[in-house]
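Biologist: Can you walk me through this one? I'd like to go over a few strands and then a single residue.

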Protein chains: 2
Amino acid sequence: MSIATRGPVRVVGTGLLGASVGLGLRRHGVEVQLADPSRTALALARDVGAGTPAGPDDPEPALVVVAAPPDVTADVVRAELVAHPTAVVTDVASVKGYVLAELRGARADLRRYVGSHPMAGRERSGPSAAVPDLFLGRPWVIADSGVSHPDAVLAVRALAVDLGALPVAMDAAEHDAAVASVSHLPQLAASLVAARLRDLDDAALGLAGPGVRDVTRIAASDPALWTSILAANALAVRSVLVEVRSDLDGVIAALTDAALATGPEDVAPGALSTIARAISAGNAGVARIPGKHGGAQRAYSVVSVLVPDSPGELARLLGDVGAAGVNLEDLQIEHAAGRPVGVAEISVLPGSAEHLHAELTARGWRVVR
Amino acid sequence: MSIATRGPVRVVGTGLLGASVGLGLRRHGVEVQLADPSRTALALARDVGAGTPAGPDDPEPALVVVAAPPDVTADVVRAELVAHPTAVVTDVASVKGYVLAELRGARADLRRYVGSHPMAGRERSGPSAAVPDLFLGRPWVIADSGVSHPDAVLAVRALAVDLGALPVAMDAAEHDAAVASVSHLPQLAASLVAARLRDLDDAALGLAGPGVRDVTRIAASDPALWTSILAANALAVRSVLVEVRSDLDGVIAALTDAALATGPEDVAPGALSTIARAISAGNAGVARIPGKHGGAQRAYSVVSVLVPDSPGELARLLGDVGAAGVNLEDLQIEHAAGRPVGVAEISVLPGSAEHLHAELTARGWRVVR
């Protein structure tokens, strides 16, 4: 595959993102110079094949990718713009506005700077978790500084495309508002809900079903990293949280009314409809999340099948799904607490559900829904 | 399988839960009498095999299961206690305290009443969605009225066990506090987060990743049903929402401080640690959710593999996982927006990950993480 990125590329910060950028570029034969204040992180990145530690005799980089923690990104970008006066410099921090504001304040050369944010990550961090396909199929926001040279924008866009990502042009403020709603708010909501589970007794936690598991899954995130991200996007996150608080206040007031009433007909006027509106607004919002392949969300039919919890059973089931000529759109496995059996929830196009149900039943599977 | 439930069992309300109870009991040969104010729902329940519509010459039921909407449950239970003076009466409403309070207020015979709540459901509702295995492996809360006769408690417990559920004894207040935290709060949080997506532009929504999808999945729930549930558990839900609001206020204040600061070192003392504490409390809470098979939560290693989006590929992959001798603990499929390829995230015991990685690579799979 021929690629558009012109090297050498200097990667500053060899954690998960930086080392993955290096790995992806090395796969295409691009020269990658690595730098990191941690000698361990630098050596690990080299060992996984992300590039070569930068040295004094290195040729000047054409592109510098700053993959430092959010709170030091602006300082590092500024230093790189000065140290490499002909290079295009980008960063991959998950917040863009404050980096741009700090660079403006420091009178940095913003013609050569283009902010960016690949929407990729994983549970593990550090260079040993790096993989060249980290960015595959992920949106990668390209945030023009407002005065970025078109060639600089093209260079960063080429980097995203060469790493398999889907470039999305947004300015820094648009980006920060978007991630406040689609990333930072969900993270905080998951954390606040999960925090309420901390002091429950075991019997209460035993009632936890798939819903609370879904809502709180990302609550296992790193506090230091998220504090840094949220603080860097403080204004945009605050703004969306204030809206949530207003909705929450409405629901709390409605529940106060409902708690005082002796029956539904006795609840203060408007209280029940406030609650119903909150749930309906959620219906409308979740329906807007794009579905598979970036298309509009599509309603699938779910066929649920009991699967004995032993090796090979799930493969056998999916083999039978394939043999029935049905394309599986999604799959969730739910393990029943205390039972050696799970339920595989197979999502298929609505027209295929009945056929699949019949075929699996004929093959001896217990279809439960 | 010999069962302990003694019939006839009268099921009042033949929606998803009532019809599933009937189906499960009919499978064991128990006589089931069905009643529902909707003649359509009643006929559908009969047609799916949930029992026989109740008639004037029916023998007296030994057990009555009230599966009515939450807001009418107490009235129906009271009427059934009067109409069937020798029967044990239970209900399956998702809130227990207000039912008991109304029955107490009406001086109902609470010796023959035992509240209950099977923690089961599905996206579809109504008798046509009923399945006998709906309760399999699910917790089923048994809430003694405080003066319930031990035989009445045993009868309801037997019902739960005979339907494959795991009975859990709790009083009504304990139950309501537990579901406020593990079910009603997550539902509201999902709705409030999803509501913020309603007015975003398409570009912003295009950045939605797996996190926000998980957090908002249950936001697609029915507003009428949830308004009724939340209003019926108003006090307990209000109490946990007030705690969440207090945490939220703290985070908003901290973000206000952070937004005013020119850098991390300049943020008002305590603000950053307030944010970090909120995320850490979430870490602690999510870690308490019981894991697979009801045991303590276990950390799995995840092996991620690229899977072409065509029929049979996933089955082939899982066949290779089985051939490698590795037991799959969980599986998530993630479709990359705009690409004809997905990523299967295979959870395995930590000791098996490297072996599986090597085996799958040897079989030609592209392991990305």
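Predicted model: local features only at pLDDT ≥ 70, side-chain atom pairs only at ≥ 80, totals over all residues.

Biologist: In which sense do S1 and S2 of chain B pair, and over how many bridges?

Modeller: Strand S1(B), residues 9-12, and S2(B) are parallel, with 4 bridges. Together with helix H1(B), residues 16-27, these two strands form a right-handed β-α-β unit.

Biologist: Which way do the residues of S2(B) point, and are they buried or exposed?

Modeller: S2(B) covers residues 32-35. Val32(B) and Leu34(B) point one way, Gln33(B) and Ala35(B) the other, and all are buried.

Biologist: What stands opposite Leu34(B)?

Modeller: Pro53(B), in S3(B). S2(B) and S3(B), the latter being residues 52-53, pair in the parallel sense over 2 bridges. From S2(B) the chain reaches S3(B) through helix H2(B), residues 39-47, in a right-handed β-α-β crossover.

Biologist: Switching to chain A. Where is Arg111(A)?

Modeller: Arg111(A) sits in the loop between helix H4 (97-105) and strand S6 (113-118) of chain A.

Biologist: Why is Arg111(A) called partly exposed?

Modeller: Because Arg111(A) has 15 other C-beta atoms within 10 Å, and buried takes 20 or more while exposed means 12 or fewer.

Biologist: Which residues does Arg111(A) touch, leaving out those up to four places away in sequence?

Modeller: Val147(A), Ser148(A), His149(A) and Ala152(A).

Biologist: And how far apart are Arg111(A) and Asp144(A)?

Modeller: They are 9.2 Å apart in space, C-alpha to C-alpha, and 33 residues apart in sequence.

Definitions and conventions: Residues numbered from 1 in each chain as written. Chains lettered and ligands numbered in written order. Pairing = 2+ DSSP bridges. Right-handed = clockwise from strand over helix to strand, strands pointing away. Contact = placed C-beta atoms within 7 Å.
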